[in-house]
Amino acid sequence: MKLLVTGGAGFIGGNFIHYILKKYSDYKIVCLDKLTYAGNLSTLKDAFTNKNFKFVKGDIADRKTVDNLFAKEKFDVVINFAAESHVDRSILNPEVFLVTNIIGAQVLMEACKKFGNIRFHQVSTDEVYGDLPLNRPELMFTEDTPIHTSSPYSASKASADLLTLAYFRTYGLPVTISRCSNNYGPYHFPEKLIPLMITRALNDKTLPVYGNGKNVRDWLYVEDHCKAIDLIISKGKMGEVYNVGGHNEKSNIEIVKLILKKLNKPESLITFVEDRKGHDLRYAINPEKIEKELNWTPETKFDKGIENTINWYLENKKWWEDIISGEYEKYYEKMYKTKEKNL
Ligand code: NAD
Ligand code: DAU
């Protein structure tokens with residue numbers, strides 16, 4: 001089995017590569033990644049020592065690069081993790097989200113079609129369903145919930161999902177889509193809530209909470225997401241969408257306070273800042289379909305997952321300290337100074 005994993009130098013793709021190389025000694029993986037600010041070769045350090053792993057630097061939206069790679073390697077399955085993934089950045093600069101997340105997905109599917117009707121899996125997000133109210137806990141996203149996006153990021157992901165289903169219906173391309181809730185775990189880029197709060201608290205810096213901190217996310221340990229994708233690519237039904245979620249809703253302020261408690265840092269580090277524009281209130285996934293059809297279940301309880309995650313950041317300081325110097329610092333200043341000022 002030869003897999004093309006795009007975006008494997010990022011958070012979830014990197015975890016997926018480690019998971020697959022460990023589980024299947026006979027699988028070969030080629031990782032195609034552009035190494036944007038979010039891509040990090042040190043995430044793949046262990047994979048580089050495995051003879052079944054190969055890395056190619058390149059852009060999924062570059063047709064020539066993609067076609068040359070598909071002509072050279074005979075892939076059995078393509079799993080598309082590559083994306084611009086941060087909602088805040090999509091609000092500042094939407095265009096690159098359209099190129100990578102929409103055109104990139106289309107270029108990959110076109111190559112799958114051209115080089116032998118190759119199996120394609122699109123890694124999508126619960127954000128395509130928009131948000132749910134805070135006062136209706138019984139409501140959850142199912143695969144039939146209408147698409148209703150809020151940010152340029154979620155709109156670009158929804159577009160890619162629609163294109164994926166169009167490639168199934170029009171060309172018969174064997175496709176599946178997974179729509180997952182918020183992941184957390186090792187190698188998570190420290191611009192996202194959990195790693196941002198852990199790394200800033202460790203450095204005794206302020207923790208910027210948007211709005212009143214009551215927005216809710218449904219957190220899933222990244223390894224459970226990797227297991228779900230592995231099941232979908234081996235047993236999923238073509239043309240189907242599978243929701244993947246942790247049964248684990250928490251408000252942002254709960255998460256931040258928990259991290260501070262675990263690190264023995266004071267709550268006075270919390271700073272409420274200007275809210276995100278168009279901020280989705282609540283996400284909640286109903287994962288019944290994947291649980292029933294593919295026998296998947298989120299195995300890591302949040303207490304254990306957050307403990308593992310915090311320990312990982314404590315034990316891998318070099319990984320994130322290298323990231324938070326240089327360009328990242330400029331991004332942080334730009335993103336958060338105005339938020340503090342505008343409050
Ligand atoms: P990430 O930002 O950590 O990593 C993205 C990776 O894609 C990086 O390595 C980057 O270099 C690469 N990349 C970006 N543009 C590229 C391009 N044009 N060509 C090739 N490579 C490119 O993202 P993540 O959090 O690991 O998310 C992975 C996927 O999962 C995304 O599609 C995202 O939409 C989806 N998703 C993420 C979450 C989450 O909680 N993080 C939840 C649900 C779905
Ligand atoms: O739901 C899946 C999605 O989860 C993925 O599709 C996205 O790629 C991923 O980035 C994530 O999106 P969110 O916007 O939910 O994640 P983020 O970590 O950016 O924010 C989580 C919540 O925390 C959100 O309500 C905004 C809030 N927040 C975030 C940051 C970065 C803060 O309060 N302060 C912050 O500094």
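Mentor: An axis here is a line fitted to C-alpha atoms, for helices over the stretch in contact, and angles run from 0 to 180 degrees between N-to-C directions. The model is predicted, so local features need pLDDT of at least 70 and side-chain atom pairs pLDDT 80 or more, while totals for chains, interfaces and linings use all residues. Residues are numbered from 1 along each chain as written, chains are lettered from A and ligands numbered from 1 in written order, and side-chain values use heavy atoms, without hydrogens or water.

Trainee: Why are H4 and H5 called roughly parallel?

Mentor: Helix H4 covers residues 95-114, and its axis crosses that of H5 at roughly 15°, coming within 8 Å. Angles under 35 degrees count as roughly parallel, over 145 as roughly antiparallel, 65 to 115 as roughly perpendicular and the rest as oblique. H4 and H5 are therefore roughly parallel.

Trainee: Why are H1 and H7 roughly perpendicular?

Mentor: The axes of H1 and helix H7 (residues 222-235) cross at roughly 65° and come within 9 Å. That value puts them in the roughly perpendicular class, therefore the name.

Trainee: Why are H8 and H10 oblique?

Mentor: Helix H8 (residues 252-262) crosses helix H10 (residues 302-315) at roughly 60°, with axes within 11 Å. H8 and H10 are therefore oblique.

Trainee: Which hand has the crossing of H8 and H10?

Mentor: H8 passes H10 in a right-handed crossing. In such a crossing the near helix is turned clockwise from the far one by less than a right angle; anticlockwise is left-handed. The crossing of H4 and H5 is right-handed, and that of H1 and H7 is right-handed too.

Trainee: Which residues surrounding ligand 1 are the closest?

Mentor: They are Ile 12, Asp 33, Ser 85, Tyr 153 and Lys 157, out of 28 surrounding residues. To count, a residue needs a heavy atom within 4 Å.

Trainee: What makes Lys 157 a polar contact of ligand 1?

Mentor: A polar side-chain atom of Lys 157 lies 2.6 Å from an oxygen atom of ligand 1. A polar contact is a pair of N or O atoms within 3.5 Å, so this pair qualifies. So does a backbone N or O atom of Phe 81, at 3.2 Å from a ligand 1 oxygen atom. The side chain of Thr 100 has an N or O atom 3.1 Å from a nitrogen atom of ligand 1. The protein covers 97% of the 840 Å² of accessible area that ligand 1 has on its own, by the Shrake-Rupley method with a 1.4 Å probe.

Trainee: Which element gives the most to the shell around ligand 1?

Mentor: S5 does, with 3 residues. Helix H1 (11-23), strand S5 (119-125) and helix H5 (152-171) each supply at least two.

Trainee: What makes His 279 a polar contact of ligand 2?

Mentor: A polar side-chain atom of His 279 is 2.7 Å from an oxygen atom of ligand 2. In the side chain of Asn 252, an N or O atom is 2.8 Å from a ligand 2 oxygen atom. Helix H6 (193-202) and strand S8 (207-210) give two or more residues to its shell.

How values were computed: A polar contact is a pair of N or O atoms within 3.5 Å; within protein, one must be able to donate a hydrogen and the other to accept it, and residues adjacent in sequence count only if both atoms are side-chain atoms. Helices (H or I, at least four residues) and strands (E, at least two) are DSSP runs, numbered from the N terminus.
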